[in-house]
Amino acid sequence: MELDINGQTAVYGIIGYPVKHSKSPKFQTAAFSHLGINAVYLPFEVKPEDLKKAVEGIKSLSIKGFNITVPHKEEVIPFLDEVSQEVKYIGACNTVVNLDGYLKGYNTDAYGFIQGLKELMPDLEGKRYLVIGAGGSSRAVVYGLTKEGAEKIYIANRTVSRAERIAEDFKSLHRFAEEVIKPVSLGQVEELLDRVDVVVNTTSIGLRDEDEPLFDYSKLGKNHVVVDIIYRKTPLLKAAEEKGCLWQDGLPMLLYQGAKAFEIWTGRTPPVEVMRRALTEK
Ligand code: ATR
């Protein structure tokens with residue numbers, strides 16, 4: 001359907017810095033257009049020092065909803081009126097709905113990661129996971145896996161204290177969370193490999209092929225399921241493919257976090273396949 005902008009067109013968008021590489025405008029617009037919803041979704045580049053003014057502007061301009069990306073996901077929280085349980089635990093917000101000037105924040109990254117992983121592995125319960133990294137993305141991944149009933153989640157990070165912080169913060173997620181989540185150092189990764197079913201990279205290592213590897217990827221086994229939340233076939237994923245592992249890059253997580261945001265804003269069932277096509281189109 002053609003875009004037909006008029007006086008009643010609703011405005012949605014994404015704020016980030018930089019934001020020009022964001023894939024969200026493309027696939028969110030495809031979803032609005034497919035369902036015949038009179039709305040547009042735009043990228044807004046917001047410098048860190050302008051974040052507060054931008055959020056006030058969003059209210060004044062009645063922008064109906066927005067996504068938040070790097071580096072504003074944590075910093076936006078104090079400017080919101082209410083946040084979901086996910087945001088409180090994860091400490092980051094990627095989706096806001098504007099209810100007549102009342103801003104409610106959500107984190108759909110945990111949902112996005114879980115839905116994406118279910119495409120490879122329908123049953124996540126009772127499995128053992130190794131999550132590398134302990135930043136905001138790792139917190140979303142670990143939150144999702146804990147809620148899904150993971151048997152074990154090792155969090156390996158260069159700075160172990162950040163992994164310990166996640167374990168501490170997530171203790172109250174359920175009765176056994178304290179036994180499930182184990183912080184470890186990056187040096188322990190190789191010896192843990194035969195104790196886990198799934199390996200997830202949430203660090204920025206692999207954005208460039210020349211990055212120093214996180215561990216010796218040739219030690220992966222063919223039964224490992226390997227996920228990298230980076231949107232490309234990283235050296236980790238190439239190694240997984242060579243071993244014959246099931247593997248996935250960051251696009252499914254991106255797709256499903258966006259689909260969930262769309263549902264929060266519109267109350268409609270997101271046209272996931274339309275969104276996927278828009279996302280993967282060259
Ligand atoms: P995000 O919000 O995307 O998770 P982040 O909070 O900046 O981003 O976290 C980046 C992650 O990548 C962290 O786990 C970081 O490790 P530290 O906590 O030790 O900084 C990890 N990371 C970044 N560069 C790294 C490197 N060269 N080697 C190992 N880990 C690295």
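## Secondary structure

In this predicted model, the chain contains 11 helices and 12 strands.

## Overall dimensions

The chain has 282 residues, and a compact globule with that number of residues would have a radius of gyration near 19 Å. The chain has a value of 19 Å, so it agrees with the expectation for a compact globule.

## Burial and contacts in the chain

Of the 282 residues, 49% count as buried. For this count, buried means under 20% relative accessible area.

Contacts between residues at least 6 apart in sequence can also be sorted by their separation along the chain. Of these contacts, 66% join residues at least 24 apart.

## The crossing of H4 and H10

Helix H4 covers residues 109-120, and helix H10 covers residues 251-266. Their axes come within 7 Å and cross at roughly 125°. The crossing of the two helices, H4 and H10, is right-handed.

On the H4 side, the contact is made by Asp109, Tyr111, Gly112, Phe113, Gln115, Gly116 and Glu119. On the H10 side, Pro252, Met253, Tyr256, Gln257 and Lys260 take part. The residues of this contact between H4 and H10 divide into 5 nonpolar, 4 polar and 3 charged.

Technical notes: Residues numbered from 1 in each chain as written. Predicted model: local features only at pLDDT ≥ 70, side-chain atom pairs only at ≥ 80, totals over all residues. Heavy atoms only, no water. Axes fitted to C-alpha atoms, helices over the stretch in contact; angles between N-to-C directions. Helix = DSSP H or I, 4+ residues; strand = E, 2+ residues; numbered from the N terminus. Left-handed = near helix turned anticlockwise from the far one by under 90°. Contact = heavy atoms within 4.5 Å. Nonpolar A, V, L, I, M, F, W, Y, C, P; charged D, E, K, R; others polar. Rg over C-alpha atoms; globule rule 2.2 N^0.38 Å. Buried < 20%, exposed > 50% of the residue type's maximum accessible area, 1.4 Å probe, protein only.
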